[in-house]
Amino acid sequence: MKKLLWIVPLLVISCQKEKPVEKNAQQDSLSAVLDSAPAKAVDSAAVRDSVINNAPATKKVLAKGVMRDTDNGRIVREADASELPFTIGDAFTGDNEQLILKIHHYPGSEFSASVTPENKMMNIRINQIKSPDGSYDGPFGRTVSGYSLRGKGSEVWLIIGKSNMASGDATGSFKVTVE
């Protein structure tokens, strides 16, 4: 009977299976890149950023956008003026889409911005600017320089969309630069 008491714990311990160790695919691909490239030519931070930026989860976030909401053809993005000057990228996939860029804590009384489409023939412009006092002005072209904002406040809106006075495709990628 005493022998049986010693055998039972040994059987229990020997029958337990450990979980196999799973390797991180991202770390493996990083190691493969670092191992295959010459030591002097590899900037490990750049390689690590490249691996992270090309990860499926990151691409999903970038497609949806950070601080980006969409509703019935309106894309609403928000930015803080403490980051000025800045450039953001976006894309229109439909013909009647608009981008509303809300800039919080805008300190100045003059405003400058530009829209640069990837395709120079893209029908896109700055349609309106909403001043801190709530008044709208526009339409403008692809650039606005030294526009005098009206009223006191800290939120400025930049509304970008297609020009109904011009022809051309209103879909494609573009960049907005605010200074």
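A charge sits over a ring if NZ of Lys or CZ of Arg is within 6 Å of the ring centre and within 35 degrees of the ring normal. Here, the charged end of K130 sits over the ring of W157, 4.0 Å from its centre.

A quick word on the model: it is predicted, so local features need pLDDT of at least 70, side-chain atom pairs count only at pLDDT 80 or more, and totals for chains, interfaces and linings use all residues. Residues are numbered from 1 along each chain as its sequence is written, and side-chain values use heavy atoms, with hydrogens and water left out.

K130 also takes part in strand pairing: K130 stands opposite Y136 in β7. Strands are DSSP runs of E, at least two residues long, numbered from the N terminus, and two of them pair if DSSP finds at least two bridges between them.

| Pair | Sense | Bridges |
|---|---|---|
| β6 and β9 | antiparallel | five |
| β6 and β7 (residues 136-137) | antiparallel | two |

On the β9 side, R125 stands opposite G161. β6 and β7 form a hairpin with five residues between them, and G134 in the turn has a positive phi of about 95 degrees.

Now for L101: leaving aside neighbours within four places in sequence, L101 is in contact (heavy atoms within 4.5 Å) with residues including R77, F86, W157 and V178.

Conventions: Helices (H or I, at least four residues) and strands (E, at least two) are DSSP runs, numbered from the N terminus.
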